[in-house]
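Trainee: I have a model open and would like to learn how to read its features. Could you walk me through it?

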Amino acid sequence: MSFTSSARAPGRTGRGSRREPPPPLDAAALDALALSYVARFATSSGKLTDYLKRKLRERGWAEEAPADVPALVGRMAVRGYIDDAAYASAKGEGLRRRGYGARRIDSALDHAGIAAPLRAAARGSEGERRRAVLAFARRKRLWPYAGARCLDPATRRKHLAAFMRAGHGLDHARRVMDAPNLEELEEWADDHADDDDLD
């Protein structure tokens, strides 16, 4: 029995292996994409804008008048589908719970297109930032959550760099690293609890 080079594997016809590219977008399709995106993700106006512009680059635009992405994003905000203040507040709180500091929060919100005043509010109060630096130490098992305080200078520099990369201020990082015990740090973190309640 011989086989020719033209034999094909069963079920392979050679047709339909390439999918047709989607058609260029029009106003209705762009609106549908925006609605689908905000339904799936908690997002900001900046992130929605970036998403829609990327889709326009990928698929093109079918209408004579240019796509008005800012107007579409504005309509999503008016409808209540996006809320930059709520997004910034939730994102800031989530990052603080994970132990990130004000600089990391500011960077994440800037990347999401959040305006400076909303970023400032989302960085948290002094008490919240103190609790965040302790959350980072706990998550990374650094002092005071380690078995003993680190006295080796090189290791201390590494730990300090980790705090700084997480967005914490130098004063907070040193305060944690130099504290005598956890109880003292918990008191320090709670010093501003009453002020937080007034915010």
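Trainee: Why are H1 and H3 called oblique to each other?

Mentor: Ground rules before that: this is a predicted model, where local features need pLDDT of at least 70, side-chain atom pairs count only at pLDDT 80 or more, and totals for chains, interfaces and linings use all residues. Residues are numbered from 1 along each chain as its sequence is written, and side-chain values use heavy atoms, with hydrogens and water left out.

Mentor: Helices (H or I, at least four residues) are DSSP runs numbered from the N terminus. Axes are lines fitted to C-alpha atoms, for helices over the stretch in contact, with angles from 0 to 180 degrees between N-to-C directions. Under 35 degrees is roughly parallel, over 145 roughly antiparallel, 65 to 115 roughly perpendicular, and the rest oblique. Here the axes of H1 (residues 27–40) and H3 (residues 69–78) cross at roughly 45° and come within 11 Å, so H1 and H3 are oblique to each other.

Trainee: And what is the hand of the crossing of H1 and H3?

Mentor: A crossing is left-handed if the near helix is turned anticlockwise from the far one by less than a right angle, and right-handed if clockwise. The H1 and H3 crossing is right-handed. H2 (residues 45–59) also meets H3: their axes come within 10 Å, crossing at roughly 135°. H2 passes H3 in a right-handed crossing, and the pair is therefore oblique.

Trainee: How do the axes of H8 and H9 cross?

Mentor: At roughly 135°, coming within 9 Å, with H9 spanning residues 170–178. H8 and H9 are therefore oblique too, and H8 passes H9 in a right-handed crossing.

Trainee: What length does H8 reach from its first C-alpha to its last?

Mentor: The expected span is 1.5 Å times one less than the number of residues. H8 (residues 153–165) has 13 residues and reaches 18 Å, close to the 18 Å expected. After H8 comes Gly 167, with a positive phi near 95°.

Trainee: Which peptide bond is cis?

Mentor: The one from Trp 143 to Pro 144, with omega near 15°. Pro 144 sits in the loop between H7 (126–139) and H8. Arg 141 is in the loop between H7 and H8 as well, and has a positive phi of about 55° although it is not a glycine.

Trainee: Which residues line the largest cavity?

Mentor: On a 1 Å grid over the protein atoms alone, a cavity is a set of points where a 1.4 Å probe fits but cannot get out, and lining residues have an atom within 4 Å of a point. Here the lining is Leu 142, Trp 143, Arg 149, Cys 150, Arg 156, His 159 and Met 177.

Note on methods: On a 1 Å grid over the protein atoms alone, a cavity is a set of points where a 1.4 Å probe fits but cannot get out, and a pocket is an open set with protein on both sides within 12 Å along at least five of seven lines; lining residues have an atom within 4 Å of a point. Helices (H or I, at least four residues) and strands (E, at least two) are DSSP runs, numbered from the N terminus.
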